[in-house]
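Here are my notes on the model you sent. Please read them with the structure open.

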Amino acid sequence: MPDFQYILNRLPIGLIMLDKEYRVISFNDAAGSVLGTDNMAETVGKRVHSLHPGAARDKIQWLFDQAAEKGSSGFVSMLINVPDMIVQLRMIKMRDGHGSGGYCLLCYDITELTSHPKAQTAQPETPRNLFKIPVSRSGRIALLDVDDVVFIQAEGHYTRIHTYEEDFFCNLSFSQLEPRLSETSFFRVHRSFIVNFQRASGVNNNGDHFVVLMDGDPEREVPVSRSNISQVKELLGV
C-alpha cells in the first residue's frame, strides 16, 4: 500500500475550530470547499454534530471522546461518507491557559485518491466506484487496492476488510461501501458478508449450509444466505 500519510500531507487542509461544547467558532476556505461554504457558515455557533446525518453523529462523538482521552499530544482519525465524497477527519484537543481550549477538526477530501470518475451515463445519486479502500493500519489510514480485497465483513456500523493474508478495520459501513464497489466483481452473499467473486476458489454445499470458499492463507469459508444461494450458484456457474 502507498504511503498515505505522505499523500495526505500534500492535500489542502480544511480547518474547523470548535469550542468546549463542540460549537463551530470558525473555519477556513478549504473546509468550506470540502463541506460546503454555505453549510459551514450556517453552522457557526452550532454544534458540529449538526453537519452530519444522524447515523454519523455517534461516530463524530467518538472522535471527540478519543481526542479528549489522547489530549493535546495526539490526534484521532476517521472516515466519513458524504454525498459522492470520501472525507477523512482528524480531531485534535486544544489547550488554553486553563487546560482546555476546545478542539480543532481537520478534514481532507480523499475522493480523488480512492474513487474512479463517475460514468457520464450514471445517475446523479449514484456514487463513484472505489479503486482504493481507506483502512486503518497501525493506528493510521492506509489505502488498500480494491482488487486485493477477498471479502468484506460487517462489524456493526463498521467493516472488516479481508485480503489474502491480512484483515483491516474500516470505519465505513456496509451501506456506504456496497454501492461503491463494482457489481461485476462484488456481491453481497449474506447480510454480514460481501465477497469478491474474482477471489472465490470454490463452494461447499452441506444441506442448507452453503458457503463460498475464498482465497486466503488459510482458505476461508463465507456463508451464503438461503435467499442468495440460487443467484450465487448462477454467478459462479456451479
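**Notes on the predicted model**

1. **Main core.** The largest nonpolar core holds 25 residues, and Ile133, Val135, Ile152, Ile161 and Leu177 touch the most other members. Several elements give two or more residues to this core: strands S5 (103-109), S6 (132-137), S7 (140-145) and S10 (167-170), plus helix H6 (174-177). Please keep in mind that this is a predicted model.

2. **Ile161.** Which residues does Ile161 touch, not counting residues up to four places away in sequence? The list includes Ile133, Val135 and Ile152. Leu144, Val149, Phe151, Phe168, Cys170 and Leu177 are on it too. So are two acidic residues, Glu166 and Asp167.

3. **Second core.** A separate core of 24 residues is also present. Among its members are Ile80, Val87, Leu89 and Leu105. Leu105 comes up again below, as the bridge partner of Ile16 in S5.

4. **Strand S1.** Side chains alternate along S1 (residues 14-18). Gly14, Ile16 and Leu18 point to one face and are buried.

5. **Partners of S1.** S1 runs antiparallel to S5, with five bridges joining the two. S1 also runs antiparallel to S2 (residues 24-27), here with three bridges. Ile16 takes part in both pairings: its bridge partner is Leu105 in S5 and Phe27 in S2.

6. **The hairpin turn.** S1 and S2 form a hairpin with five residues between them. Tyr22 lies in that loop. Check its backbone: Tyr22 is not a glycine, yet has a positive phi of about 70°. Is Tyr22 buried or exposed? Tyr22 counts as buried, because its relative accessibility is 16%, under the 20% cut-off.

7. **His49.** His49 sits in the loop between helix H3 (37-43) and helix H4 (54-70). This histidine is buried, with a relative accessible area of 8%. Its side chain makes a polar contact of 2.9 Å with the side chain of Gln61. Leaving aside neighbours within four places in sequence, His49 is in contact with Tyr22, Arg57, Ile60, Gln61 and Phe64. Tyr22 is the hairpin residue from the previous point.

8. **Cysteines.** How many disulfides does the model contain? The count is zero. Take Cys104: the closest cysteine sulfur, in Cys107, is 9.5 Å away. A disulfide would need the sulfurs within 2.5 Å, so this pair is too far apart for a bond. Cys104 is buried at 9% relative accessibility. Cys170 is buried too, with a relative accessible area of 1%. Cys170 is also one of the residues that Ile161 touches.

9. **A cis peptide.** The bond from Asp217 to Pro218 is cis, with omega near 10°. Pro218 is in the loop between strand S14 (209-214) and strand S15 (220-223).

10. **Confidence.** Mean pLDDT for the protein chain is 85. Of its residues, 87% reach 70 or more. Which elements have the lowest and the highest mean pLDDT? Helix H1 (residues 4-8) is lowest, at 63. Strand S12 (residues 193-196) is highest, at 96.

Conventions: Residues are numbered from 1 along each chain as its sequence is written. This is a predicted model: local features need pLDDT of at least 70, side-chain atom pairs count only at pLDDT 80 or more; totals for chains, interfaces and linings use all residues. Side-chain values use heavy atoms; hydrogens and water are left out. Buried means under 20% relative accessible area, exposed over 50%, partly exposed in between (1.4 Å probe, protein chains only). A nonpolar core is a set of buried Ala, Val, Leu, Ile, Met, Phe, Trp, Tyr and Cys residues joined through side-chain atoms within 4.5 Å. Helices (H or I, at least four residues) and strands (E, at least two) are DSSP runs, numbered from the N terminus. Contact means heavy atoms within 4.5 Å. Two strands pair if DSSP finds at least two bridges between them. pLDDT is the predictor's confidence in each residue, from 0 to 100. A polar contact is a pair of N or O atoms within 3.5 Å; within protein, one must be able to donate a hydrogen and the other to accept it, and residues adjacent in sequence count only if both atoms are side-chain atoms.
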